[in-house]
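Welcome! Take a moment to look over the model, and then let us walk through some of its parts together.

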Amino acid sequence: MAQALDIERWNLECLFNNTDHRTDLNGVDRLIVRRGQLFTISLYLRSGSYQPGISSLDFIAETGPHPSEQYGTRARFGLSSNIDSSTWSAAVTSPPGEMLALSICSSPKAPIGRYTLNLGQSGSIEFILLFNPWCPADEVYMDNEQSLAEYVLAQDGIIFRGSSKHTIPTPWNFGQFESGILDICLRILDMNPKCLRNPGKDYSGRRNPVYVTRVLSAMVNCNDDKGVLLGKWSDGYEGGVSPLFWRGSVEILRNWDTQACQPVRYGQCWVFAAVACSVSRALGIPCRVITNYLSAHDTNCNLVIERYVNENGELVQSREMIWNYHCWVESWMTRPDLNPDFDGWQASDPTPQEKSEGVYCCGPIPVRAIKDGELTFKYDAPFVFAEVNADVVTFMKKKDGSTSKVTSSGLVGQKISTKSVGNDTREDITHLYKYPEGSDEEREAFKKANHQNKLLQEKPEPGLHITIKVTSDMRKGCDFDVFAVVTNNTEAERKCRLVFGSCAVSYNGFLRGNCGFKDLLNVQLSPGAERRVPLRLNYSKYGDQVTEDNLIRLAALLMDYSTGEAQLAMRNIVLDNPEIKVRILGEPKENRKLAAEISIQNPLPEPLDNCCFSIEGANLTGGNIISERLGCTVGPGEDAKVKIYFTPTHSGLRKLVVDFDSNKLCHVKGYRNVIIGK
C-alpha cells in the first residue's frame, strides 16, 4: 500500500535551478524556470524515509484565478520512476534517505505564468514558468546558441533609424532581467482586456506564443486598454516626454507599473517595438526589432499609396503616407495553425495604426507569408504586405481644382534591417520579406496577393529624367548644397520648369517648415544634355524648422512645356549629429565603481544651454538612469564634458547607453561596449 511522504521542509535550490534554466539574471531569491525542462528541489522528511515503489506524493500544479484541467491551467500528477519531459511529471533522483532530491518537469505546452505546486498534504511551493526556446518540444524552440544569446538573453541592442540612404544605429537598453521587470511583464498580461473578461480562457491561451504575442501587440499601446505607452507624433509633448528621450525599456515599464497602469507618455514606433521586444524576451520568446525603410501606411488595403503634390511639388497631407522608416518586431515560433513552411519569424506590430478584429494590434503573421503573398493567413497579412510592397502613385492638384498624374519613382520597403547576431552591425533581411525585384517569384507573389498595380506596371519610355543628388557631409549646424539633376534622353531640345524645394519632415511623413526653395521657369536642355541645379540649405533657415528626427525632405518637380507631363523626384536626407565620445576610466570589474568620461562637441554656430548627459545600461547602472547636468553654456566648437560614476553588477559584455540633451541639440544618442571582468 502506498504511503504518502511526510515532508517537514524544502529547499527550492533557486541558485542552481535558475542558473540551469538561464533565468538567474532575474535574481536567485525565487524559483523561475522554463517549461519542458526539469528542475530539482530538496525535500527534508519529518519522519520515515523514501521507499521506491511504496512512498507516494501527489502533486497539483495550478496557474491563474480559476485553475481547470479542461483549460490546461491545472495538472495533477504523482511520483514516477522516471521523468517524462512531454508532460508534467516528478521523480526522486537521489538514493533513499531523509533528504530527497525531487526532480519536476512541466509540460512543454503548459501556460506560462505564476504557479502554485501542492506537495501532497505537506504544503505548496510557488514558481514562475516561462517559455523555453532551448526545449525542442516548445513552440518557441530555436536551435542555435548564438541566436538564443542574441534574441533571448541579450539585454541591450541596436535599433536602426535615419533613412534608407543613411541608416543610423541607435542603442537601446532592453533590460528584460532588471529587478521587477518580469513581474511587470506578467502584470501586462493580467491587465489585457481578454484576461479581465475571461481570465480562465486567457490563462489557458498563455500556452500559445501566437496568442501571447498578439496580446502584447495590443497591450504595448494603450489605444483600447490599460496598455503601456501612449503614442504621439505631432504638436509637442506636453504632459510627457519626447519619444527620443527614452534610452531603454526599463524606465517605461516601471513608470507604467508604479502609475497604476496609466499609459507612459510618449512613444513612437521604435519605442513601441523595443518595449514589445523586452517583454517578449523576458517571457522567453526569441524576439528582435525590425526597421523597414520607406514603409507604406495603406489605410484601405488596396496596396496603393496615393500621394498628392501641389504645383510647387509640395506634398499635400493625407492619411495614406510613406514613413521614412517604421519599426516592428519579429518573434520566433512554430505555427501549428498553418503548415510547417510558415514556422520561424513572425512579424507583429505594437504601434497603433489600424484596428485588427476591433483592436489596435497587428500580427503575428509569418514573414514567409508576406514574401509569398499569402494574404489570407492570420494575422493582418494585407497591412504588413503593403508596408513593404505597396505601389506609389502621385497626382498633382492644380490651383483650378483639376488633378493630373505625375511620373515618380516611389520605392517602398527598402533595406529592411535588424541588428546582427553577436555584433552591432546591420543585417539586411529584405530578402526574407521580398523576392528579387523583377523575378518570376516576385511576380508569382504579386499574383497571389492580387497586386494588380505592380503586375500592370510598364517600364517608362526614355525622355526627361530627374533625380536628386546630395553630398556625403550633411552635418547639423553646417550649410551645404543639394542638387536636382535633369537629363534629356530625347533627340529634341526641351524647355522645362523646375521647382526644387525642401522642408523639414518628421520620420512618419508629417511636413514642417520650408528649408529652401527655388523655381526656375526656363530650363533649356539640348538632346543628351544634363544639368545640375544646386539648392543651398543654410542652418540659419533649417535650424529652427527641423524636428528631433533631423530629417529634411527634398522634392524636385520637373514640368515639360512641350508635352505638359510632370516628373517628381523625392528624397529624405538625415542630418548627422555630432559623435558622443565615451572613455572608461579604471579597470572594469563587477561590483567595483567605474567612471565614464563623456564628451560631445557643439557643431552649431550658436551656444548650447541646459546641457545634460544621461547613462543607463543593463547590469551597469543598477537598473537606474544616472544623469549629470552642466552648469555652464557650451559655445560653438567647444566640448561639453562630464564624468559619471557607476558600479557594474555582473561580468560580461555590456552596453553603456548615453544620451545628450540641450536647448538646441536634442537627445543625441551614443554608446560604448564595456567588457566587465569578474
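## Helix H10

Helix H10 (residues 381–389) is mostly covered, with 8 of its 9 residues buried. Here, buried means under 20% relative accessible area, exposed means over 50%, and partly exposed lies in between, using a 1.4 Å probe and protein chains only. The buried residues of H10 are Ala-381, Phe-383, Val-384, Phe-385, Ala-386, Glu-387, Val-388 and Asn-389. Helices (H or I, at least four residues) and strands (E, at least two) are DSSP runs, numbered from the N terminus.

This is a predicted model, in which local features need pLDDT of at least 70 and side-chain atom pairs count only at pLDDT 80 or more, while totals for chains, interfaces and linings use all residues. Residues are numbered from 1 along each chain as its sequence is written, and side-chain values use heavy atoms, with hydrogens and water left out.

## Cavities

How many cavities of 30 Å³ or more are there? The count comes to 3. A cavity is a set of points on a 1 Å grid over the protein atoms alone where a 1.4 Å probe fits but cannot get out, and its lining residues have an atom within 4 Å of a point. Grid points are joined across faces, edges and corners, and a volume is the space filled by probe spheres set on the points.

H10 comes back at the second largest cavity, where H10, helix H9 (367–372) and helix H12 (440–448) each supply at least two lining residues. H12 gives the most, with 3 residues. This cavity holds about 60 Å³ of space, and its lining includes Phe-385, Asn-389, Tyr-433 and Glu-442. By class, that lining has 6 nonpolar, 1 polar and 3 charged residues. Ala, Val, Leu, Ile, Met, Phe, Trp, Tyr, Cys and Pro count as nonpolar, Asp, Glu, Lys and Arg as charged, and the others, Gly among them, as polar.

The largest cavity has a volume of about 70 Å³. Among the residues that line this cavity are Glu-150, Ile-158, Arg-281 and Lys-419. Its lining divides into 4 nonpolar, 2 polar and 4 charged residues.

## Nonpolar cores

In soluble globular proteins, nonpolar side chains tend to be buried together. A nonpolar core is a set of buried Ala, Val, Leu, Ile, Met, Phe, Trp, Tyr and Cys residues joined through side-chain atoms within 4.5 Å. The largest one has 64 residues, of which Trp-172, Leu-229, Ile-252, Trp-270 and Leu-283 touch the most other members. Elements that each supply at least two residues of this core include strand E11 (124–130), helix H3 (181–190) and helix H8 (269–283). The largest share, 12 residues, comes from H8.

A second, separate core of 55 residues includes Leu-498, Ala-529, Leu-604 and Leu-620.

Is Lys-655 buried or exposed? Lys-655, found in strand E38 (residues 652–661), counts as buried because its relative accessibility is 3%. Its side chain makes polar contacts with those of Asp-424 at 3.1 Å and Asn-673 at 3.2 Å. A polar contact is a pair of N or O atoms within 3.5 Å; within protein, one must be able to donate a hydrogen and the other to accept it, and residues adjacent in sequence count only if both atoms are side-chain atoms.

Asn-339 sits in the loop between E19 and strand E20 (344–348). At 37% relative accessibility, Asn-339 counts as partly exposed. The side chain of Asn-339 reaches the backbone nitrogen of Asp-341 at 2.9 Å.

Methods:
On a 1 Å grid over the protein atoms alone, a cavity is a set of points where a 1.4 Å probe fits but cannot get out, and a pocket is an open set with protein on both sides within 12 Å along at least five of seven lines; lining residues have an atom within 4 Å of a point.
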